[in-house]
Amino acid sequence: MVSGQRGENMSKDTAMRAESIYKSFGGDQVLKDLSISVSHSELLAIIGPSGAGKTTLLKILNGLIEPEKGEIYFMNERLEFENDSDLKARRRMALLSQKPYPLMKSVWDNVAYPLRLRDEDEVEEKVSDALEHVSLLEISDRKASTLSSGELQRMAFARATVFEPDVLLLDEFTAHLDPYNISVLENAVDWYLKEKNAAVIMVTHNLFQAERISSTTAFLFNGEIVEKDRTIKIFDEPEDERTQAFVNGEMVF
Amino acid sequence: MASDILHVTLLSIFVSVSATFLASLMAVPLGTIMGLRKFRGKEVIRTVTYTLYGFPPVVAGLIIYLMLSRQGPLGSLNLLFTPTAMILAQMVLVFPIVTGLTMSSISEVAKDAKETAITLGADRWQTAKTVLNEARVGVISAIMVGFGRAIAEVGAVIIVGGNIKWHTRVLTTAIVLETRRGNFEYALILGTILLAVALLVFFVLKWYQDKGVRT
């Protein structure tokens, strides 16, 4: 469809794509020639060992870090990585990090915050819906800084989805949480994906989680996508031996 | 005597609140930018700012005096021995304190708050506002410390104000005078009022600290 496409197939359903991304930190090549795309209603898991560049990739997709080379397209619009020029695109995606930062406000005002940034209407209704979905409505008056880690992550999920982003980026979003919170959050992601026809990219080193909830999986190793396929395929019969080793819990070289 | 005290007290409040307000108007944005950004020479500016915390009030008074005296660069403005001169002198003392303390409290929350704001769709202006609001406890403490320095200071206002009755006499300079005259009781009353004024202003600021602003 677009000339100069490399590797990644493009369809009209593509919500977001990265093309030939390079990024290094202090001489350390974190990402090299990385291309990947995600479509609406797709939950793409990116698995890989620690230090593979997973978080860096998400921050680049979110416009927080500028890559040295390569391009990011959001709904076919190229990100400029200039302060406010990406605002329109940035306002249609959300990043949920491993340790969310609670703004010094109540739970309710934290969730209302992105709506107020956008001057949206019906704030009351949207906030209470979002809080309801993660079972936090009863404690919406509490200060966000007093929440437990599970409650905090659930609040952060409500805050990241209340403005109905088209693309949701999840960075190890259930690491260190108990089974109850993990299941609430996974169900919430699943619900959001189906309800809003959203595209989700989930970065994780939890293989069980990737297998459990993703539709496609990509294996990121040494800054490159080694393999990307349907999740079942990646876990049952991967093409690359490094993928095979990783999903079997072996050391990858 | 009661009208004496009232005038002196109101002038004290007017001079120090104005000085703190005007200095903060420049110092808070400057401290915010310095806390948010990385630039060359940041460490040097930080060290200079910290050094200026201890800037002697009499020296500040002397500098403003020289600038405002007839032969000075701003002599034509005829500001020497006026409340305006006193405000200027106190601003010199307040400015580095508010700038430096704002900068440190912004730096503390900057990375997380900034990233959270941007990720949730804030533009540049909204991001700065959010970070400032997250750091408000520290920023308002900075303004409190600045005001505390201004209201308690005597060296600068006595040089540039001249302690003129009904004109430039404030609580601190009145205390100096009354103590010299041996009116210790009167001086103590003035001292108590000085503490009460400081307490009142701190309570107002504390209220903002707890409440915060909407972003």
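This is a predicted model: local features need pLDDT of at least 70, side-chain atom pairs count only at pLDDT 80 or more; totals for chains, interfaces and linings use all residues.
Visitor: How many helices and strands does the secondary structure of chain B hold?
Guide: Read along the sequence, chain B follows the pattern α-α-α-α-α-α-α-α-α. The count for chain B is therefore nine helices and zero strands.

Visitor: What box do the C-alpha atoms of chain B fill along the principal axes?
Guide: Chain B has 215 residues, of which 43% count as buried. Among the contacts in chain B with a separation of 6 or more, 76% join residues 24 or more positions apart. Taken along the principal axes, the box filled by the C-alpha atoms of chain B is roughly 65 × 40 × 25 Å.

Visitor: Are H4(B) and H5(B) oblique or roughly parallel to each other?
Guide: Two packed helices are described by the angle between their axes and the distance between the axes. The axes of H4(B) and H5(B) come within 8 Å and cross at roughly 135°. Roughly antiparallel would require an angle over 145 degrees, and roughly perpendicular one from 65 to 115. H4(B) and H5(B) are therefore oblique.

Visitor: Is the crossing of H4(B) and H5(B) left-handed or right-handed?
Guide: The crossing angle of these two helices, H4(B) and H5(B), is roughly 135°. H4(B) passes H5(B) in a crossing that is right-handed.

Visitor: How do the residues of the contact of H4(B) with H5(B) divide into nonpolar, polar and charged?
Guide: On the side of H4(B), the contact involves B:Ile106, B:Val109, B:Ala110, B:Ala113, B:Lys114, B:Ala117 and B:Ile118. On the side of H5(B), the partners are B:Gln126, B:Thr127, B:Thr130, B:Val131 and B:Glu134. The residues of this contact divide into seven nonpolar, three polar and two charged.

Visitor: What separates the C-alpha atoms of B:Thr99 and B:Pro29?
Guide: B:Thr99 and B:Pro29 are 70 residues apart along the chain.

Visitor: Which element gives the largest share of the side of chain B that touches chain A?
Guide: The contact takes 14 residues from chain B and 18 residues from chain A. On the side of chain B, the elements that give two or more residues are helix H4 (83-119) and helix H5 (124-134). The largest share, six residues, comes from H4(B).

Visitor: How do the residues of the side of chain B that touches chain A divide?
Guide: Chain B gives 14 residues to the contact with chain A. These residues divide into four nonpolar, five polar and five charged.

Visitor: Which are the edge strands of the open sheet of six strands in chain A?
Guide: The sheet runs in the order S6-S7-S8-S3-S9-S10 (chain A), with mixed pairing. Its twist averages 15° from one strand to the next. Each edge strand pairs on one side only, and the two are strand S6 (93-96) and strand S10 (224-230) of chain A.

Visitor: Which residue in S9(A) does A:Leu44 stand opposite?
Guide: Strand S3 (residues 43-47) and strand S9 (residues 216-221) of chain A pair in the parallel sense over four bridges. The residue in S9(A) opposite A:Leu44 is A:Thr216.

Visitor: What angle does the direction of helix H5 of chain A make with that of S6(A)?
Guide: Helix H5 (residues 149-161) of chain A packs on the sheet, touching S6 and S7 of chain A. The direction of helix H5 makes with that of S6(A) an angle of about 170°.

Visitor: Is A:His176 buried or exposed?
Guide: A:His176 is found in the loop between strand S7 (167-171) and helix H6 (179-196) of chain A. Phi of A:His176 is near 65°, a positive value in a residue other than glycine. Most residues other than glycine have a negative phi. Because A:His176 has 12 C-beta neighbours inside 10 Å, and 12 or fewer is the criterion, A:His176 counts as exposed.

Technical notes: Residues are numbered from 1 along each chain as its sequence is written. Chains are lettered from A and ligands numbered from 1 in the order in which they are written. Two residues are in contact if their C-beta atoms, placed from the backbone, lie within 7 Å. Ala, Val, Leu, Ile, Met, Phe, Trp, Tyr, Cys and Pro count as nonpolar, Asp, Glu, Lys and Arg as charged, and the others, Gly among them, as polar. A residue is buried if 20 or more other C-beta atoms lie within 10 Å of its own, exposed if 12 or fewer, and partly exposed in between; C-beta atoms are placed from the backbone. Axes are lines fitted to C-alpha atoms, for helices over the stretch in contact, and angles run from 0 to 180 degrees between N-to-C directions. Angles under 35 degrees count as roughly parallel, over 145 as roughly antiparallel, 65 to 115 as roughly perpendicular and the rest as oblique. A crossing is left-handed if the near helix is turned anticlockwise from the far one by less than a right angle, and right-handed if clockwise. Two strands pair if DSSP finds at least two bridges between them.
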